[in-house]
Structures are given as C-alpha cells and as structure tokens.
Amino acid sequence: MSITISSGLHRSHSDRDLLLNERRLTRARLNSSSSSSNLASLSSSSNVHSNTTTVSSYSTSSSSTPACLPWDRLQKWLYGIAIVTFDLELGQSIEYLLPNHCKLTDKEKLNLSYLSFPDTNSTCLGDFQYHFRINHESFNLTTDYQYYNSIVPSALQVDNNSLFGFVNFRQIHDKTIKRGFFQKSFVILSKLPFISLFLNIVNQLAINYFEYGLTSLETCCHSMDCQWPEPEPGKTLLLPLLDSVLQVRIPTHGDKPFSSSDLIQFRSIVNETMTTNINSNNPNQNQSFKFPLDDDIEIDMPTSNLSEHEITNNNNTTVESVTKNEQQRQQQQLPCLIPFVYDVNTYQSLSCVLTHIQLLWELVLLNEPIAILGKFPTKCSQTVQALVHIIWPLRYANDYRPFFTIHNSEFHEITFNSSKKSSLSPPKIILGVTNPFFAKLLHQWPHIIRVDDDDQQQKSIKKRENFLLVEHDDEDNLSVNELDDDIELSSLSSSSSLQMEKKIQKKISTTSKPYKPAYTLNTNSSHLIFVTKIGLYTKYKPYLQRDKIILKKLRSTNSQQRPDTVQNAFLRRFFLELTQSFIIPLERYFSSLLPLRKYYHANREPPIIKKFDNEEFLKTLDQYGPQLTSGLKGDWKELYKHFLTTPNFHFWLLNREQEANAKIYSLYIETIAYCRLEQDFNLSQLKEIQIIDLVIKLKDLIQHLETKNDDLLIRIDQNVKNDYLERIKLKMKLIVEEKLSDDMKTLFHKPMSLSSS
C-alpha cells in the first residue's frame with residue numbers, strides 16, 4: 001500500500017538528516033504519477049460509496065490542490081484542518097491540509113506535524129484530545145478580528161502571531177500495518193482561544209472522519225460554512241455540528257457569561273417549546289425549535305409518520321410510547337450547552353497542587369517561568385491552560401506552550417540556553433512537556449510542576465496519602481511545599497491530628513506536596529531527573545498569606561461527593577475576586593490620569609493621557625489599596641512593585657491606553673460634531689487662511705471617519721459614526737459656502753461632491 005506524502009515534513013535531528021530526507025522526497029516526487037494512480041485504484045476498491053474522483057484529487061499534490069472550500073464564514077472560526085499521519089521513513093507528515101486559504105510556512109508545518117503526535121512512550125489505545133500553541137507568521141489582523149478584540153476581554157483577544165491547534169489522536173491495533181498500530185491525528189487550527197469549544201468539535205469531527213473519510217469531512221465543513229453564524233461576542237450562538245447543536249456565548253467586557261438569569265430564561269424557552277410541540281394537533285407537519293435568546297436559527301425536528309387515523313385506533317399504551325419517543329427525539333435535538341468556551345477543568349488540572357493555588361496565582365501574575373512535566377499531553381496541556389486563566393480577566397502577556405516537544409523549532413532556544421549557563425535565567429514562559437528528556441534539561445528552572453495523567457491513580461493515592469515527618473529547629477527555614485498545622489486534611493483523623501500538633505514537627509506530603517531541599521542549585525544539580533512524585537517544586541516565597549477558607553472548601557469531607565463543575569465554580573470565583581481586588585487600585589489610579597470633559601474643545605487638539613507614575617501609584621495603596629476589597633494579608637506593596645516590572649503589567653497598561661485613546665478620540669469627534677461654529681471656532685475673527693486650515697482639518701476628519709479599519713474608530717457604533725459624519729459634512733459645507741471666496745469654493749467643491757457621493 002503506497003502512502004502519499006505531503007511536501008517537506010519529516011523527522012530531522014541535524015542538517016545531514018535534512019539533506020538525506022530531502023533526497024528521498026525528491027525520488028518520491030519522481031514516482032508520484034504511478035503511486036497516485038495506484039492509490040486511486042486502492043481507494044475505489046476499499047470505499048465503494050465514496051467519491052473516487054475527490055479522493056484521487058487529494059492524492060496528487062502536483063496536479064490539483066488538496067481541497068477547494070470557500071469557508072467564507074467558517075474561516076472566522078477555523079483557520080484550517082490538517083490530517084497528520086505517521087510514515088515509517090519520514091515520521092510524522094501532513095497528509096491533508098485544507099482549505100486553500102490556510103497558508104503555513106515550512107517551519108510551521110514541521111512544528112504542526114510533530115505536535116500532532118504525543119511525544120511519549122505511552123501505548124494507550126483509543127482517541128485522545130489535547131491542544132497546542134505555535135508561532136504563526138501572518139499579516140495584520142482582519143477587520144473582523146479587530147472588532148472582536150475591541151469587545152472581548154483581553155484574555156480572549158486574538159494574537160496575530162500565534163495559532164492554536166486542537167488534536168484528536170487515534171491509536172489502535174492494526175495488523176495490516178508494519179508497526180502494528182494505526183496512528184493518525186485530526187487537527188483543527190484556529191486563531192480563537194476557545195479551548196473547551198474546539199476540543200468538543202475536534203472530537204466529533206475526528207470520529208466522523210475516521211469512519212466515513214474525507215468526502216464526509218468536506219460535506220460537513222460546507223454545512224458549517226453555510227449554517228454557522230459569525231463569532232460575535234455578547235450573543236448566544238448556535239453551531240450545528242453533525243447530529244448535534246452546540247450553544248455557546250462569547251463573553252464581552254465586564255459581563256459574566258451564562259448568569260443565572262440567562263439560564264432560567266433559556267430553560268423556560270426550552271420547556272415552553274417542548275410543550276407546544278408535544279401538544280400539537282398536526283404531527284405530520286415539520287416542527288422547528290428556535291434557540292436561543294438572540295438568534296433566529298431554526299432546527300428542523302423529525303416528526304412521527306403516524307396518521308391521525310392510526311393514532312386514534314391505537315390503545316393508550318401505544319400513545320404513551322409514541323409520546324415518550326417524541327420526547328426523546330426532542331431532547332436529543334436540544335443544544336449542547338458549553339458555558340465557558342475558553343476554559344478547561346481547572347479543578348482536575350490543578351488537583352495535584354491545590355494547596356499552592358494562591359502561590360501559583362502569584363507566579364503567573366509575575367510572569368515567572370513554569371515547567372509542567374507530565375506523561376501525556378492531555379493533562380499537561382490542560383494544566384498549562386488552567387494556569388494561564390487563573391489571572392482572568394488579565395491576559396497572560398508572555399508566551400506559553402500547552403504542549404512542547406524536542407522536535408520543535410524553538411527547542412534549543414528555550415531549553416539549552418537556560419540549561420548550559422547557570423547565570424542565564426530561563427525564558428519567561430509556561431511550558432508543558434511529556435518527554436522524560438526534559439527532566440534533565442529543565443532541572444534549572446525555578447518552578448516545576450509534576451502532574452499525573454492517571455486520574456484513578458490520583459484518587460487512590462489521595463485516599464491513602466502518607467506524610468513525611470521532618471523535624472525543624474527553626475520554623476523560618478520551612479519550604480513553601482510544607483503545610484500549616486491548622487489546615488484540615490481529609491486523610492488525617494481528628495485524633496491523629498491532635499497528636500501531631502503536640503509534636504514540634506511539620507507535615508509534608510510525599511505525594512501531592514513533595515519536599516524540596518532549601519540549598520541552592522548548581523550546574524550539576526539533578527534533583528528532579530529521577531524524582532517522579534507529583535506536586536510543585538519551587539523555592540518561591542509568596543508575598544501574600546495563604547487563604548485557608550478556599551482550601552477548606554475544596555478539601556472538605558463533602559468535596560468528594562461534589563461534581564467538578566461545583567469545584568471549578570469555587571476556584572473560578574476565588575481567582576476572579578483575587579484578581580479583581582488586585583486590579584481595582586490600578587484601574588482607579590489610571591482613571592485619574594484621563595482628561596476631564598471640560599478639556600475637550602473643538603478648536604484644539606484632543607487631550608492626552610497623563611503618564612503612569614509608578615511611585616505615585618504606590619503612594620495611593622495605603623488609602624486605596626486592595627485591603628478595601630480583599631481580606632488577605634501580606635506585603636501587597638512589594639507585590640505591586642514586582643508586578644509593575646512584568647510584561648503582564650505593560651500589556652495591561654498598553655491595552656488600557658489604547659481603549660482610553662479610542663474613547664478620547666470618540667469624545668473629541670462628538671465635540672466637533674455637536675459644536676457651534678461661531679461660538680466654538682470664532683469664525684468671524686478668523687482670517688481666510690485660518691478658515692482654509694479649518695476646512696482642511698474637517699476634510700481630513702471626514703476621510704478618517706470613512707475608513708473602516710481604524711483602531712481608534714472601530715469601537716464606535718456604526719450608526720453613531722454615520723451621525724457624526726453627516727454633522728461634520730454639514731458644518732464643512734456651511735463654512736465653505738459662507739466664509740470662503742468664490743475661487744476657494746471652486747477649489748473645495750469637487751472634493752465635497754466626491755465625499756458626499
């Protein structure tokens with residue numbers, strides 16, 4: 001069986017290997033005509049019901065393109081879809097990449113092919129989902145993405161230089177393959193950071209593709225392109241997908257998606273619609289559901305084929321069975337609600353480090369380098385994403401890689417530079433790895449988290465958790481991984497805990513809270529190379545005292561019976577309140593830098609924002625600090641001093657300045673649009689040359705308002721912008737007609753007609 005290989009994607013470890021593999025690819029291209037014909041015949045014999053012409057067109061890379069899908073609307077959701085297979089000679093390679101607008105460089109294709117397969121020795125069988133993030137060289141953001149970024153929180157904004165990949169990796173036994181295993185990955189590429197949504201989508205599409213082939217995938221993408229709405233934040237959206245419908249809502253600035261009122265309203269609509277359809281007297285007519293609150297998309301419902309005469313002749317038991325079957329059909333058509341499109345299971349992802357969640361919040365807030373070592377990319381990638389989101393709604397400004405391999409193009413830049421030189425600090429990045437080789441390369445990193453991918457093993461370990469007893473003469477030398485005496489642990493009984501409190505000893509968990517030595521690491525240190533205990537390894541001393549209330553909630557006796565959604569709600573609220581308490585003093589001081597409304601004048605330039613002074617801000621913390629909204633104690637001022645030097649702060653300040661400048665410019669245009677010509681501009685006292693300058697200024701402002709991709713104007717509503725435009729045009733016309741001479745009128749008459757047309 002011959003396998004068609006796409007261009008230039010192969011495993012390589014040196015320049016010599018690259019040259020050898022390139023020569024093999026050249027020989028393979030020379031025989032492409034014969035191999036493509038053989039593949040077409042094989043595909044026609046194995047899949048009778050599929051379209052052989054379509055499959056053979058995908059086989060030849062030189063004669064035709066892989067796929068020709070318009071994706072006019074779908075490309076706002078998905079950047080592309082890739083099918084990555086394993087070749088015995090070349091390793092991972094991209095088999096299909098569609099549609100035509102999906103443009104990737106050779107380096108991006110190489111990273112995509114390697115990240116699509118788990119970098120581990122696991123022999124697990126079945127389908128596995130995870131995600132990764134790569135650098136992506138692209139042009140400026142489109143107008144749609146610019147408008148999207150202006151509405152959503154900064155944590156959900158599209159990054160022009162990055163691309164997300166969502167993988168469904170399948171590994172099953174296959175005796176017909178020389179390796180004995182069928183290994184292939186279905187990958188969705190997107191600019192949008194909707195982790196929960198796209199992992200759900202890639203699972204359904206991959207199952208359909210592995211069962212029905214490429215023709216079914218093309219049909220499904222065409223259906224999605226026609227039916228999916230645009231990713232508009234603030235609205236509840238319906239996304240038809242195969243036999244199901246996904247219901248999502250993209251959050252906007254300052255709102256909490258899927259509040260209780262929204263859920264109650266949605267459930268009432270569902271109940272009312274189901275009642276009216278069940279009690280309908282016309283079962284032969286097609287019924288439709290209208291979901292959800294903001295959309296008018298109709299979902300056709302299959303109805304029973306029984307006639308009225310047949311229904312009346314049946315007994316009561318038959319009618320009841322038909323009613324139950326109808327209810328089951330209608331329940332199957334209910335949308336699958338995804339409350340948080342961007343989030344992951346935070347509780348499961350951070351289950352091994354729950355005791356240190358507040359310390360992790362400080363590490364992520366201060367852009368500290370963190371390495372997550374796991375056995376499989378599923379848990380590893382989710383842990384990285386959970387860490388990035390714990391400072392919501394702040395955006396993590398540095399780079400982060402949910403899954404990283406030794407074959408990545410930035411491998412030497414990230415790992416070897418920081419492992420060879422002890423004086424060189426590691427890059428400010430959150431890295432998720434699974435290859436055991438990284439344990440040696442990353443042992444110099446200051447913060448390392450080891451996660452266990454076996455959830456059942458974690459549960460059994462948690463029940464029989466053992467503790468080391470380490471005596472200390474001085475409590476000031478304790479490691480941050482050690483527990484306080486007053487924290488309740490479900491694994492310890494009350495009698496044993498009382499006995500432990502009498503001893504001058506400290507409890508240190510050997511499972512979820514491993515002990516780290518207090519000595520300084522040197523270049524030959526290898527304390528983590530052979531250590532496999534899960535937990536956090538760090539010498540970081542937190543600025544804030546630990547919040548014991550959230551720990552008691554998460555680790556109480558009732559927590560074992562709670563679903564993960566409840567535990568995630570506790571964590572999400574804790575992190576949100578902590579981050580908001582930290583941001584409020586910053587927002588208050590930044591608001592004091594904005595110009596007042598009295599400084600907006602039509603005959604002057606728009607006012608500017610004052611410079612952010614770090615020292616002045618720190619002085620305001622004594623009176624308006626986070627102690628007003630948070631009960632946590634600690635050295636808040638030192639935490640702010642450290643934060644003011646981080647990329648997270650610089651990105652927050654840049655984002656707030658852009659929003660403020662857009663608002664200032666909008667108010668400035670409003671001031672000109674609603675100004676009084678004689679009182680505000682003093683037209684009677686202006687000379688003709690000054691009036692000409694004023695007309696040119698208004699003309700430039702009109703042209704500025706007519707542009708569609710201006711960052712300063714993209715946040716203004718289109719109706720409001722049109723109103724400003726008409727008012728400024730009218731003022732300009734009055735000035736030209738009443739204040740300029742005839743020769744000047746003829747000079748401005750032609751541009752005026754062009755702008756009005």
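Is Lys 708 buried or exposed? Lys 708 is exposed, with a relative accessible area of 70%. Exposed means over 50% relative accessible area, buried means under 20%, and partly exposed lies in between, using a 1.4 Å probe and protein chains only.

## The model

This is a predicted model: local features need pLDDT of at least 70, side-chain atom pairs count only at pLDDT 80 or more, and totals for chains, interfaces and linings use all residues. Residues are numbered from 1 along each chain as its sequence is written, and side-chain values use heavy atoms, with hydrogens and water left out.

## Overall make-up

The protein has 27 helices and 17 strands. These elements are DSSP runs, numbered from the N terminus: helices are H or I with at least four residues, and strands are E with at least two. Buried residues make up 48% of the 757 residues.

The protein exposes about 38,400 Å². Carbon and sulfur atoms supply 50% of that area. Accessible areas come from the Shrake-Rupley method with a 1.4 Å probe; for residues, only the protein chains shown count as cover. Contact means heavy atoms within 4.5 Å. Take the contacts between residues at least 6 apart in sequence: 73% of them join residues at least 24 apart.

Two packed helices are described by the angle between their axes and the distance between the axes. Axes here are lines fitted to C-alpha atoms, for helices over the stretch in contact, and angles run from 0 to 180 degrees between N-to-C directions.

H12 packs against helix H19 (residues 564–592) at an angle of about 45°, and their axes are 12 Å apart. That makes H12 oblique to H19. Angles under 35 degrees count as roughly parallel, over 145 as roughly antiparallel, 65 to 115 as roughly perpendicular, and the rest as oblique. H12 passes H19 in a right-handed crossing. A crossing is right-handed if the near helix is turned clockwise from the far one by less than a right angle, and left-handed if anticlockwise. From H12, the contact uses Ile 357, Gln 358, Trp 361 and Leu 365. From H19 come Leu 571, Phe 574, Phe 575, Leu 578, Thr 579 and Phe 582. The residues of this contact of H12 with H19 divide into eight nonpolar, two polar and no charged. Ala, Val, Leu, Ile, Met, Phe, Trp, Tyr, Cys and Pro count as nonpolar; Asp, Glu, Lys and Arg count as charged; the others, Gly among them, count as polar.

## Helices H23 and H25

The axes of helix H23 (residues 647–673) and helix H25 (residues 688–706) come within 12 Å and cross at roughly 130°. H23 and H25 are therefore oblique to each other. Their crossing is left-handed.

On the H23 side, the residues are Tyr 665, Tyr 668, Ile 669 and Ile 672. They meet Lys 697, Leu 698, Leu 701, His 704 and Leu 705 in H25. The residues of the contact of H23 with H25 divide into seven nonpolar, one polar and one charged.

Asn 682 is found in the loop between helix H24 (677–681) and H25. Its phi is near 55°, a positive value in a residue other than glycine. At 34% relative accessibility, Asn 682 counts as partly exposed.

Lys 708 sits in the loop between H25 and helix H26 (718–739). Lys 708 and Gln 718 are 10 residues apart along the chain, and their C-alpha atoms are separated by 9.8 Å.

## From H12 to strand S11

Asn 367 is in the loop between helix H12 (357–365) and strand S11 (370–373). Phi of Asn 367 is near 60°, again a positive value in a residue other than glycine. Asn 367 is buried, with a relative accessible area of 1%.

Leu 373 lies in strand S11. Leu 373 is buried too, at 8% relative accessible area. Leaving aside residues up to four places away in sequence, Leu 373 touches Val 433, Ala 439, Leu 442, Ile 448, Ile 449, Arg 450 and Val 451. The C-alpha atoms of Leu 373 and Val 451 are separated by 6.3 Å, though the two are 78 residues apart along the chain.

A cis peptide bond joins Leu 98 and Pro 99, with omega about 0°. Pro 99 is in the loop between strand S2 (91–98) and helix H4 (106–115). Another cis peptide bond joins Trp 392 and Pro 393, with omega about 5°. Pro 393 lies in the loop between helix H13 (377–389) and strand S12 (399–404).

Pro 446 is in the loop between helix H15 (438–441) and strand S14 (447–450). Pro 446 is partly exposed, with a relative accessible area of 29%.
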